[in-house]
Amino acid sequence: MFWQSFAKMFNTTPDDLDMHVIYDVSHNIAKVEEHFVDGKQKTLLVHRKGSTRAFPPHHPLIPVDYQVCVCVFLLLDVIFL
């Protein structure tokens, strides 16, 4: 349905759009994770509805292919009157 919507909007075929799935995330997920509870590490089944777990940059559970370094530079023009 997604591909057909874009094809209709851009008046072309889904194949001509040359769009590819980069990362697919389910809306409802349950995953076994390690967390500290009352000062002790426990293995828990964590259910997330409509969200995914956030990891800090370069976390070992993020596949290397998805560890992208994004550098942002701001150019500020300072005008002295």
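Phe6 has its place in helix H1. Helices here are DSSP runs of H or I with at least four residues, strands are runs of E with at least two, and both are numbered from the N terminus. The structure is a predicted model, in which local features need pLDDT of at least 70 and side-chain atom pairs count only at pLDDT 80 or more, while totals for chains, interfaces and linings use all residues. Residues are numbered from 1 along each chain as its sequence is written, and side-chain values use heavy atoms, with hydrogens and water left out.

Phe6 is partly exposed, at a relative accessible area of 25%. The classes are buried (under 20% relative accessible area), exposed (over 50%) and partly exposed (in between), with a 1.4 Å probe and protein chains only. Leaving out residues up to four places away in sequence, Phe6 touches Leu17 and Met19. Contact means heavy atoms within 4.5 Å. Phe6 and Met19 lie 13 residues apart in sequence, and their C-alpha atoms are 9.7 Å apart in space.

The protein chain holds two helices and two strands. Their order from the N terminus is α-α-β-β. The chain has 81 residues, and 9% of them count as buried. Its accessible surface is about 8000 Å², with 60% belonging to carbon and sulfur atoms. Accessible areas were computed by the Shrake-Rupley method with a 1.4 Å probe; for residues, only the protein chains shown count as cover. Among contacts between residues at least 6 apart in sequence, 7% join residues at least 24 apart.

Helix H1 covers 2-9 and helix H2 covers 14-17, and Asn11 is found in the loop between them. The phi of Asn11 is positive, near 55°, and Asn11 is not a glycine. Most residues other than glycine have a negative phi. Asn11 counts as exposed because its relative accessibility is 73%. Thr12 also lies in the loop between H1 and H2. Thr12 is partly exposed, with a relative accessible area of 29%. Beyond its neighbours within four places in sequence, Thr12 is in contact with Ala7 and Leu17. Leu17 is also touched by Phe6.

The two strands pair with each other. S1 spans residues 28-37. Strand S2 spans residues 40-49, runs antiparallel to S1 and is joined to S1 by ten bridges. Pairing requires that DSSP finds at least two bridges between two strands. S1 and S2 form a hairpin with two residues between them. Phe36 has Gln41 in S2 as its bridge partner.

Asp38 lies in the loop between S1 and S2. Asp38 is not a glycine, yet its phi is positive, at about 55°. Asp38 counts as exposed, since its relative accessible area is 76%.

Glu33 belongs to strand S1. Glu33 counts as buried because its relative accessibility is 4%. Residues up to four places away in sequence aside, Glu33 touches Lys42, Thr43, Leu44, Val46, Arg48 and Arg53. Among these partners, Lys42, Thr43, Leu44, Val46 and Arg48 fall within the range of S2.

The chain averages a pLDDT of 76, and 75% of the residues score at least 70. Over residues 71-78, pLDDT stays under 50. For residues 71-78 the model has zero contacts beyond four places in sequence. Where pLDDT is low, the predicted coordinates should not be read in detail.

Definitions and conventions: pLDDT is the predictor's confidence in each residue, from 0 to 100.
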